[in-house]
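Dear colleague,

I am handing over the structure we spoke about, and it is shown just below.

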Protein chains: 2
Amino acid sequence: MHLAYDGVQALEAVKRESFNVIVSDIMMPNLDGYSLAKKLRAEGYNTPILFLTARSATEDVVKGFETGGNDFLKKPFAIDELIVRVKALAGRLQAQESAETVYIIGRYEFIPASKILRIDNCETILPARESEVLLRLCRDAGKTVNTSALLKELWGDDNYFNLRSLNVYITRLRNHFKTDHTVEIESVRGIGYKLKY
Amino acid sequence: MHLAYDGVQALEAVKRESFNVIVSDIMMPNLDGYSLAKKLRAEGYNTPILFLTARSATEDVVKGFETGGNDFLKKPFAIDELIVRVKALAGRLQAQESAETVYIIGRYEFIPASKILRIDNCETILPARESEVLLRLCRDAGKTVNTSALLKELWGDDNYFNLRSLNVYITRLRNHFKTDHTVEIESVRGIGYKLKY
DNA sequence: AGGTCGAGTTAACATTAGTTAACATTTATT
DNA sequence: AATAAATGTTAACTAATGTTAACTCGACCT
């Protein structure tokens with residue numbers, strides 16, 4: 001939980017910590033809500049963003065979604081409605097990842113709970129960290145996962161050494177996916193990694 | 001695309017076909033929106049639901065989310081806002097360019113998603129920036145793409161150094177297109193570049 | 001306790017992307 | 001034609017990332 005006074009501070013905070021949801025005003029000094037959203041999306045942050053605004057013009061709403069926002073609430077609003085919308089956005093993240101969740105990745109099957117990666121009845125049990133990294137990539141499959149966010153989530157800190165560890169795990173994961181060339185972990189220089197299939 | 005006249009018909013339709021998004025009124029004969037959402041969720045359908053309602057009470061909104069809805073729009077609403085919210089739910093916003101988009105440029109094939117530039121079964125995987133620049137040119141193929149606009153889109157700033165970088169990427173792209181002389185990146189002095197083929 | 005096995009990290013080296021710099025060429029203007 | 005500005009081209013440089021192997025440590029086994 002963090003309160004930022006303008007877009008610049010918000011941007012810094014997001015890069016420093018890791019959040020489940022961002023609630024942002026459109027009109028802010030220094031960096032407005034649209035630009036904040038745009039910058040975050042450009043840097044691979046997929047954190048859901050809910051915009052608050054006093055103006056009710058449709059173009060504002062449209063622009064809000066186009067710049068990468070996920071929801072929009074016009075002022076004045078009832079606090080209950082805000083709460084429920086934030087919950088909806090946050091819930092999207094954890095979207096019922098039950099014990100039996102299975103990710104289908106190309107010809108592979110990945111079961112995070114048991115760390116099993118299977119292809120053609122050939123099972124590999126991934127080491128814990130490899131599994132965690134893969135899970136994180138699966139959750140945002142097709143989207144770029146920000147390196148720093150990933151490090152903060154899994155290692156707790158995004159220093160240089162942890163980054164290098166991550167590089168190693170990415171290599172190892174790539175090796176696992178060699179038998180199906182439609183599966184690919186793409187690196188987005190300076191931003192993060194993207195699981196594609 | 002399917003239009004159902006009440007909740008019961010909607011339920012049947014969803015079970016029969018497969019949808020990306022459901023837009024539903026709250027008040028419907030036979031089976032209201034809340035119950036529809038509840039039933040669908042109970043049966044394991046995760047299709048995003050957007051509720052429309054005439055009543056603006058906060059409790060309605062809250063109930064809408066609690067029964068499994070994903071978004072809520074009060075009547076009267078602007079059609080643009082509905083469209084943009086549906087798009088947001090369908091998750092298609094960022095992907096106006098689907099993952100499979102292929103540009104045919106003379107004898108070349110360019111697949112932005114995988115950054116592949118192919119000619120006569122000879123594949124090159126373009127570096128990220130080269131790919132982005134080419135994509136930008138492709139979108140406005142035959143038209144002049146303004147240099148400053150392009151720089152602001154891809155680099156975020158159109159200063160002198162970024163301009164010089166762009167010049168380098170244009171050269172590199174031209175080199176890739178050397179085998180088919182019908183393809184050309186023309187420079188429009190003082191304005192921008194034009195991809196012609 | 002000693003051994004060994006595997007996971008995670010660190011280290012060392014290789015490769016690549018992106019930028020900058022330096023110099024060449026073209027174009028517009030006078 | 002002379003000049004200045006824009007653009008073309010090539011190579012060098014820097015930072016990020018890829019890859020492989022070595023190292024450390026704890027769990028487990030005897």
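For what follows, Ala, Val, Leu, Ile, Met, Phe, Trp, Tyr, Cys and Pro count as nonpolar, Asp, Glu, Lys and Arg as charged, and the others, Gly among them, as polar. This is a predicted model, in which local features need pLDDT of at least 70 and side-chain atom pairs count only at pLDDT 80 or more, while totals for chains, interfaces and linings use all residues. Residues are numbered from 1 along each chain as its sequence is written, and chains are lettered from A and ligands numbered from 1 in the order in which they are written.

On confidence, pLDDT is the predictor's confidence in each residue, from 0 to 100; chain A has a mean of 85, with 95% of its residues at 70 or more. Within chain A, the lowest mean, 78, belongs to α3(A), and the highest, 93, to strand β1 (residues 22-25). Helices (H or I, at least four residues) and strands (E, at least two) are DSSP runs, numbered from the N terminus.

DNA strand D is surrounded by 16 residues, and among the closest are A:Asn167, A:Thr171 and B:Ser187. That surface has 4 nonpolar, 8 polar and 4 charged residues, and α7 (160-176) of chain A and α7 (160-176) of chain B each supply at least two residues of it.

As for the protein chains, 13 residues of chain A are in contact with 12 residues of chain B, contact being C-beta atoms, placed from the backbone, within 7 Å. The largest share of the chain A side, 5 residues, comes from α3(A).

Within chain B, α5(B) and α7(B) pack at an angle of about 85°, with their axes 10 Å apart; axes are lines fitted to C-alpha atoms, for helices over the stretch in contact, and angles run from 0 to 180 degrees between N-to-C directions. These two helices are therefore roughly perpendicular to each other, a term that covers 65 to 115 degrees. Residues that meet there include B:Val133 and B:Leu134 in α5(B) and B:Leu166 and B:Tyr169 in α7(B).

With best wishes

Note on methods
A residue is near a molecule or strand if its C-beta atom, placed from the backbone, lies within 6 Å of it. Two residues are in contact if their C-beta atoms, placed from the backbone, lie within 7 Å. Angles under 35 degrees count as roughly parallel, over 145 as roughly antiparallel, 65 to 115 as roughly perpendicular and the rest as oblique.
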